[in-house]
Structures are given as structure tokens and as C-alpha cells.
Amino acid sequence: MNIKKRLVNIYYSFLRPIFKNRRAFTGFVILLGFFLMATVGPLVVPLSLRTDWSKRYLPPSLEHPLGTDYCGRDIFQQIVHGSRSVLLIAVLSALFAIVLAITVGITAGLLGGIVDVILSSIIDVFLTIPSFPVMLIIAATLKVKDPFSFSAIISMWMWAGLARSIRAEVVSIRNKEFIEAAKLLDLGTFHIVFREIMPLVMPYIAINFITMMRAAITASVGIMFLGVVPFDITHWGVMLNLAMFQYGAVYVPEGLHYALAPLACIVLLEYGAVCLSHGLEEIFNPRLKTYE
Amino acid sequence: MLWRIIKRIIYAFFTIFLSASITFFLIYNIPGSVVDIIAAQLAEEMGVPFEEAKEIALTYYVGYDPNKPLLERYVEYILNLLTGNLGRSTIFRVPVTEVIVKALPWTLFVLSTALLTSFAIGVLLGLIIAWRRRTILGPIVTAYASFTDAMPDFVTAMILYIVLAVRLKLFPMKGAYSESLTPGLYPDFILSVLYHATLPILAYVVEHVGFWALLMKGSAASVLEEDFVKAAVARGLPERRILTAYVGRVAILPVAVMLAIQLGAMLGGSTIIETVFNYPGIGYFFAYATQNLDYGLMQGLFFVIIVGIVVANLVIDIIYPLIDPRVRREAGRL
């Protein structure tokens with residue numbers, strides 16, 4: 001019944017500030033562009049992986065907007081189809097990590113005592129272990145073949161930082177009056193967690209979702225770049241791996257665009273995420289603006 | 001104070017122990033036993049029957065008996081780690097420690113040089129842009145920082161490699177020194193080492209200098225608000241002295257804490273950067289081991305990376321209160 005009201009609410013509390021903040025808006029538009037590329041793109045752009053050696057390393061043209069690769073396949077098609085798995089892994093990893101961080105952070109903060117001590121030390125350990133080598137070793141030994149388990153592995157090494165800040169936030173509000181009131185009214189843990197605490201940590205979560213997506217892109221492309229889990233031939237990391245290590249496209253002048261296309265896309269996508277997360281920080285924490 | 005240090009040390013050991021356990025159980029769970037894979041390779045290469053090859057694999061390359069129960073093998077593995085036996089590489093057919101002895105000096109050299117260079121440049125830039133608010137330098141550094149923040153390390157490394165090594169041929173494409181030279185302490189060799197290390201160091205510096213600059217700017221900006229700085233300005237002290245002795249000295253402390261964390265990030269990133277530049281350090285061999293499923297080498301090098309990071313964190317944790325009296329007081333209160 002309240003759907004319209006809710007949409008209006010989302011518009012005013014979330015979308016309008018983004019439109020008004022130039023940085024956030026830039027990032028938002030870039031990310032939206034890539035999301036369209038990943039969702040609608042593959043439906044519009046066909047993917048043909050037929051080898052045609054006569055078309056090897058063609059420069060960009062109308063027929064091939066980004067040129068062709070080492071065996072005559074269109075690079076633009078690969079970029080469009082690859083964006084799907086790049087973004088899928090990014091979103092899934094961020095989602096898994098957020099859920100894990102909220103669960104651990106709120107449990108540690110609310111329960112306190114020995115549970116808090118144990119969970120906090122687990123968080124510390126996860127923060128100390130270097131994430132990239134451990135992701136690489138897990139992905140390599142478990143021979144990952146699908147985006148879901150790959151995202152699960154990546155998210156395992158991303159949640160700890162957010163869990164720590166959520167825990168700190170919960171500890172600082174645990175004894176505030178409105179929580180006490182909710183407890184006295186016997187509203188139940190469910191109500192306290194989702195109605196009283198969640199709205200307060202929501203800004204953290206929104207910003208962290210974007211930064212985690214970015215971290216997941218860096219990690220997944222990096223791992224694929226090293227050629228460890230090549231389950232999707234059009235993934236940008238696999239394209240980079242082929243260009244750099246397998247077919248030596250970077251060593252011949254005419255093959256350079258094959259490496260540059262995925263590189264440019266990764267930088268643009270991550271730049272969008274950086275802009276949006278910085279913009280969101282400015283929106284939720286206006287004090288930051290004065291230092292700029 | 002002493003109790004705090006002891007607590008940190010116990011905690012560091014626990015982290016190392018836990019990471020070692022994770023890799024042990026990971027590799028234990030590999031589909032198709034490690035021994036069988038190695039034995040198959042050996043059988044093919046040496047032309048012996050599979051069973052015989054398996055015996056050899058067990059004694060030489062695995063270092064533990066897979067017929068023993070899991071717990072016993074685990075204990076044996078941990079005991080081996082404690083005595084410095086990190087297992088054997090199945091590809092290079094040497095103990096992992098031998099690979100480490102060869103590779104670690106290069107990684108340490110490149111990482112420490114890159115860390116100190118980027119820290120020095122970044123801190124200086126941050127201090128300047130915090131002090132001179134109205135110059136064009138501030139926005140330039142901020143824009144540079146958010147741009148390099150958006151560039152993952154493999155992007156920076158690949159661009160530098162393609163442009164400076166492959167296209168312009170200004171720098172070598174592989175190795176830590178020219179192969180025609182024998183290692184030793186003479187000028188030609190040292191120059192060759194520096195020449196080969198330039199690109200990896202440059203990649204780290206390009207990637208991290210913006211981070212330090214922004215961190216220092218934030219820290220210095222809050223120190224500039226303090227009364228003692230205003231008093232120094234009012235006393236008419238020279239600008240240089242205010243910046244170094246008054247602002248810099250205080251503002252650098254919270255920035256320096258990040259050195260260990262940043263070293264950890266760089267050590268993690270070395271896997272990619274050393275692979276791109278074909279620089280034979282720890283990261284290069286670690287990537288090589290994961291690509292070729294050399295489990296012994298993977299496990300051993302991962303252990304070295306973990307120990308490096310945990311020790312760096314521990315050193316900062318212990319030293320920091322000694323340099324920053326504010327933290328010392330707080331730590332004493334806790």
C-alpha cells in the first residue's frame with residue numbers, strides 16, 4: 001500500500017543527494033553504464049568466438065569498434081560479455097561480505113562479553129592475513145570453476161574491516177536510551193537489530209558495498225590475470241592474461257589495443273566506484289567536505 | 001606495558017599458526033592426493049613404476065607419511081615448520097628454503113626501497129599541501145591520489161612495463177640483474193641491480209605515493225589547528241622550522257603506523273608486480289607455484305609472506321607507544 005510513499009522516500013534520502021553531489025553523480029553514471037553493459041549488453045551484442053587468422057590484430061574500425069584479438073575475434077564483444085562476469089563476481093562478493101560483516105559485527109557488539117572477545121580476535125586475525133595471497137592459494141587449490149564459489153572465497157577476506165566498524169558503532173549505541181526503551185518495551189531482538197540499529201549503520205554499509213565491489217574487482221581480475229581460475233574466457237582478467245602471458249600481444253605494436261581495452265575498462269569501472277564511494281562519504285558525513 | 005607486548009607476541013604466533021593450519025587443511029583437501037600427482041610426474045620422468053615413484057615422492061617431496069592419521073601428520077607439519085623445514089618444491093626439486101634464500105633478498109630490497117621512497121615523497125607532499133591551502137598543488141595531488149586509487153597494481157605495472165620496457169626499451173624486461181655478470185659487490189653489478197629494480201620500485205611508488213600524501217595532509221591539517229602551532233606562527237618562527245619541528249614531527253606519527261599495514265599490502269601485491277616485470281622475488285615464485293600447482297612451494301612461500309606481515313605489524317605495535325607519548329599514556333591506562 002505504501003510502495004509509492006516508499007519510493008518517494010528512497011528518492012529523497014538516497015537518489016537526490018547523489019544527483020546533487022557532482023562526484024557521486026559521476027560515479028553513479030559510470031557504474032550505471034557498466035551495469036547496463038552487463039545486463040542489456042549481451043542481449044544486444046552477439047558473441048562470436050570463431051577463430052579467423054586473417055583478421056588477426058585488426059585496428060579499431062566500424063565493424064570492430066575495439067579491433068580484433070590474436071585470433072581475429074572481436075574485442076568489443078568480449079568486453080561486453082566479460083562485464084557480466086566481472087560485475088557478477090563484484091556484486092556477489094560485496095553482498096556475501098556485507099552479510100557476514102553485519103552478522104559478526106552486530107553479534108559481537110550486542111552480546112559483548114566473551115562472545116565479543118572471541119569474535120573481535122577472529123576479526124583481527126582476518127585483518128592481519130594478507131588477502132591477495134590467501135585468495136590466490138585458496139582459488140588455486142580448490143580449482144574454482146564458477147562465479148559463486150569464487151565470490152565466496154573473495155568475500156571471506158573482505159568482511160573483517162566493516163565488521164570491526166559496525167561492532168564499534170553498535171557498542172557506542174548499545175546503552176543509548178532508545179535501545180533501552182526498546183528493551184523495556186520487550187520489542188525483541190529482531191526489532192532492535194533491524195529497526196533500531198540497522199538504520200544507523202546503513203550509511204557505513206552503503207559506502208562499504210561500493211568499496212568492497214571495487215576490492216572484489218581488483219582481486220578477481222588480479223587472480224584471473226595470473227591465470228589461476230580461468231573459468232570464463234571473456235572475463236577481463238582472462239583477456240589480460242592471454243594478452244600478457246599467453247599470446248604476447250603486448251610485445252607486438254599492432255596487438256597493443258588487445259591489452260589496452262580491458263585495462264581501460266577496469267580503470268574506468270574502478271574510478272566510477274571510487275567517485276561514488278567518496279561522494280557518498282561526503283553526503284553522509286558532511287564534515288569531510290570542509291577539508292577538501 | 002610488558003603485559004601488552006607479551007599479549008601482542010602471543011597473538012602474532014596465533015595468527016601465524018592459524019594461517020599455517022589453513023594452508024595445511026586446504027592442501028590436504030585437494031581433489032586427488034598431492035602424493036599421487038607428484039608420483040605420476042616422477043614416474044613419467046624417471047621411468048619407474050608408479051608404486052616405486054610413490055615411495056620416492058613420499059620420502060623426498062612430501063615430508064610426511066599420508067598413511068598416518070590426519071592429526072599426526074598435522075603435528076608433524078607444524079613441528080617441521082618450527083624447525084625451519086618448509087617442505088620441498090615439486091617443480092624445482094629443491095627444498096623451499098633454497099628458493100626463499102634466493103628470492104627473499106630481491107623482494108626485501110625492492111619493497112623497502114619502494115616503501116621508504118613513497119613514504120618520504122608522500123609525507124612531504126602531504127605536508128606542503130596541508131600548509132599551503134591556496135595553491136594548485138593541492139587539487140592536483142588529490143586528483144592524482146584518487147586516480148591511482150582507482151588503478152589496481154596490475155594496471156600500473158602493465159602500463160609501465162608496456163611503455164617503458166617493451167616499447168621504449170629503457171628498462172630490462174626480466175631478471176634482477178644482467179645475466180652476463182656474476183653476483184658480487186662491484187660497481188657494475190650494483191648498477192645492474194638498481195637498473196633492473198627501477199621499474200618494480202617505480203610501480204609501487206606510483207601506486208602508493210598518493211595514499212601517503214592524503215594521509216599526511218589529513219593528519220597535518222588537524223595538527224595545524226592546534227594552539228602550539230599558532231603560537232609558533234605568532235612568535236615569528238621561520239616557516240621551515242614550523243613545518244618540520246612543530247607540525248611535521250607530530251603529524252607524522254599516526255601516518256607512520258600505517259607503514260606496517262602498507263608493507264603488508266605491498267607484499268601481497270608483489271605477487272602481481274614481480275610477475276609482470278619477471279622479477280625473481282618471493283611474489284614471482286608464489287605466483288609461479290599457484291599457476292603450476294606446486295603445493296610445497298605455495299605452502300612454504302605463503303608461510304614466509306604471513307610471517308613477514310605479522311612480524312612487521314608486531315614491530316610497529318611494540319615500537320609505536322615508545323615514540324608517541326600520547327599512545328603510551330593511553331596504553332598504560334588500559
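Which domains does the assignment give for chain B? Domain 1 covers 2-82 and domain 2 covers 104-333. Those bounds come from an automatic or database domain assignment.

Ground rules, quickly. This is a predicted model: local features need pLDDT of at least 70, side-chain atom pairs count only at pLDDT 80 or more, and totals for chains, interfaces and linings use all residues. Residues are numbered from 1 along each chain as its sequence is written, while chains are lettered from A and ligands numbered from 1 in the order in which they are written.

Back to the two domains of chain B. Domain 1 puts 14 residues into their contact, and domain 2 puts in 12. Contact means C-beta atoms, placed from the backbone, within 7 Å. On the domain 1 side, H1(B) gives the most, with 11 residues. Helices here are DSSP runs (H or I, at least four residues), numbered from the N terminus. By class, that side has nine nonpolar, three polar and two charged residues. Nonpolar is Ala, Val, Leu, Ile, Met, Phe, Trp, Tyr, Cys and Pro; charged is Asp, Glu, Lys and Arg; the others, Gly among them, are polar.

Next, the chain interface. Here 40 residues of chain B are in contact with 32 of chain A. Helices of chain B that each supply at least two residues include H1 (2-28), H6 (137-150) and H7. The chain B side has 26 nonpolar, 13 polar and one charged residues.

Now H7(B), residues 153-167. Its 15 residues reach 20 Å from first C-alpha to last. The expected figure is close, at 21 Å; that is 1.5 Å times one less than the number of residues. H7(B) bends by about 30 degrees at B:Tyr161, taken between axes fitted to the seven residues ending there and the seven starting there. Among its buried residues are B:Phe154, B:Leu160 and B:Ile162. Buried means 20 or more other C-beta atoms within 10 Å, exposed means 12 or fewer, and partly exposed is in between. The buried residues of H7(B) pack against helices of both chains, including H10 (188-225) of chain A and H8 (187-224) of chain B. After H7(B) comes B:Lys169, with a positive phi near 55 degrees.

One more positive phi. B:Asn278 is near 50 degrees, and is not a glycine. B:Asn278 sits in the loop between H11 and H12 of chain B. B:Asn278 counts as partly exposed because it has 16 C-beta neighbours inside 10 Å.
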